[in-house]
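Please read it with the model open beside you.

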Amino acid sequence: MRVVLADDDVLLRAGLASLLERSGCEVVSQAGDAEELLVLVREHRPDLVIVDIRMPPTHTTEGLDAARVIREEFPEMGILLLSAHVEIDQAMELLAAGHRVGYLLKSRVTGVADFIETLERIAHGGSVVDPSLVAELISVRRRYDPLELLTQREREVLALMAEGRSNAGIARKLWITEGTVEKHVRSIMARMRLPETEDDHRRVLAVITFLEAR
């Protein structure tokens, strides 16, 4: 298994690299910040990336942000978030993928064999979340129900969107004007936190979210 490590703690990174190599992994490169990590991942295309969530320069979510970029560019690459901090809220999007991803707390890694087995599971398509984080993960899922903030009428509009109806079709079905439908759709996008971008079709994302939440 080819691995790239990213952690700004040099001693921890060196120790982890030594542990992995003694266990039969190939540590192809190491990074001390998120920017360097992205360069190395694009160059080496490893099987697995191990990354700390908090990295320079601000020590907030640079590592996690880099992990999201890696997942977008290399969806089949395994990613393990190995952190001393609980950042479930921020990690939700990445963990929701449900495959080739893991999140472990550094303080909870106590056995080499178990740790290596975790890496292998992630690299081969599995997902691993530290048991101490599971309860909080479930709590976050409940707290951020994407449909919870929608009004009853907005839910009706979204349900018809999921059936493939156009704004005009929704207007005829609900006996409202097309302009009113457009206002509901804009409100749905805002409440579901789906900002307009050049790359994503928000209407499709809203429908997918609706179907997954049912």
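1. A definition comes first. A salt bridge here is a side-chain nitrogen of Lys or Arg within 4 Å of a carboxyl oxygen of Asp or Glu. Side chains of opposite charge can pair when their charged atoms come close. Lys106 and Asp7 meet that definition, with N and O 2.8 Å apart. The two residues sit in distant parts of the chain, 99 residues apart. Lys106 is in the loop between β5 (101–105) and α5, and Asp7 is in the loop between β1 and α1.

2. Keep in mind that this is a predicted model. The chain has 214 residues, and 42% of them count as buried. It holds 10 helices and 6 strands. Take the contacts in the chain with a separation of 6 or more: residues 24 or more positions apart account for 60% of them.

3. Which other residue does Lys106 pair with in a salt bridge? The partner is Asp52, with the closest N and O atoms 3.3 Å apart. Asp52 lies in the loop between β3 and α3 and Lys106 in the loop between β5 and α5, so this pair ties together parts that are 54 residues apart in sequence. Through shared partners, salt bridges join Asp7, Asp52 and Lys106 into one network.

4. The structure holds 6 salt bridges. Another one of them joins Arg153 and Glu156, whose closest N and O atoms are 2.8 Å apart. These two residues are 3 apart in helix α7, so about one helical turn separates them. An α-helix has 3.6 residues a turn, so residues three or four places apart point the same way. Arg153 is partly exposed, with a relative accessible area of 31%. Glu156 is partly exposed too, at 28%.

5. Helix α7 (residues 152–162) also contains Leu158. Leu158 is buried, with a relative accessible area of 0%. Its C-alpha atom is 6.9 Å from that of Val207. Along the chain, Leu158 and Val207 are 49 residues apart.

6. Now the empty space inside. Rolling a probe the size of a water molecule over the atoms shows where empty space is left. There is 1 cavity of 30 Å³ or more. The largest cavity has a volume of about 50 Å³. By class, the lining divides into 7 nonpolar, no polar and 4 charged residues.

7. Which elements supply at least two residues of that lining? They are β1 (2–6), α1 (10–22) and β3 (48–51). The largest share, 3 residues, comes from α1.

8. Next, a pocket. The second largest pocket has a volume of about 230 Å³. It is lined by 14 residues. Leu104, Arg108, Val109, Asp114 and Thr118 lie nearest its centre. The elements that give two or more residues to this lining are α5 (112–123) and β6 (127–129). Helix α5 gives the most, with 4 residues. The lining has 6 nonpolar, 4 polar and 4 charged residues.

9. Helix α3 deserves a check of its length. It has 12 residues (62–73), so at 1.5 Å a residue it should span 16 Å. Its end C-alpha atoms are 17 Å apart, which agrees. The buried residues of α3 are Glu62, Gly63, Leu64, Ala66, Ala67, Ile70 and Arg71.

10. Some backbone points to inspect. The peptide bond from Pro56 to Pro57 is cis, with omega near 5°. Pro57 lies in the loop between β3 and α3. Asp52 is in that loop as well.

11. Where do positive phi values turn up in residues other than glycine? Arg45 has one, about 45°. Arg45 is in the loop between α2 (34–44) and β3. Arg100 has another, near 50°. Arg100 lies in the loop between α4 (88–95) and β5.

Methods: Residues numbered from 1 in each chain as written. Predicted model: local features only at pLDDT ≥ 70, side-chain atom pairs only at ≥ 80, totals over all residues. Heavy atoms only, no water. 1 Å grid on protein atoms, 1.4 Å probe; cavity = no way out; pocket = protein on both sides within 12 Å on 5 of 7 lines; lining within 4 Å. Points joined across faces, edges and corners; volume = space filled by probe spheres on them. Nonpolar A, V, L, I, M, F, W, Y, C, P; charged D, E, K, R; others polar. Expected span 1.5 Å × (residues − 1). Buried < 20%, exposed > 50% of the residue type's maximum accessible area, 1.4 Å probe, protein only. Contact = heavy atoms within 4.5 Å.
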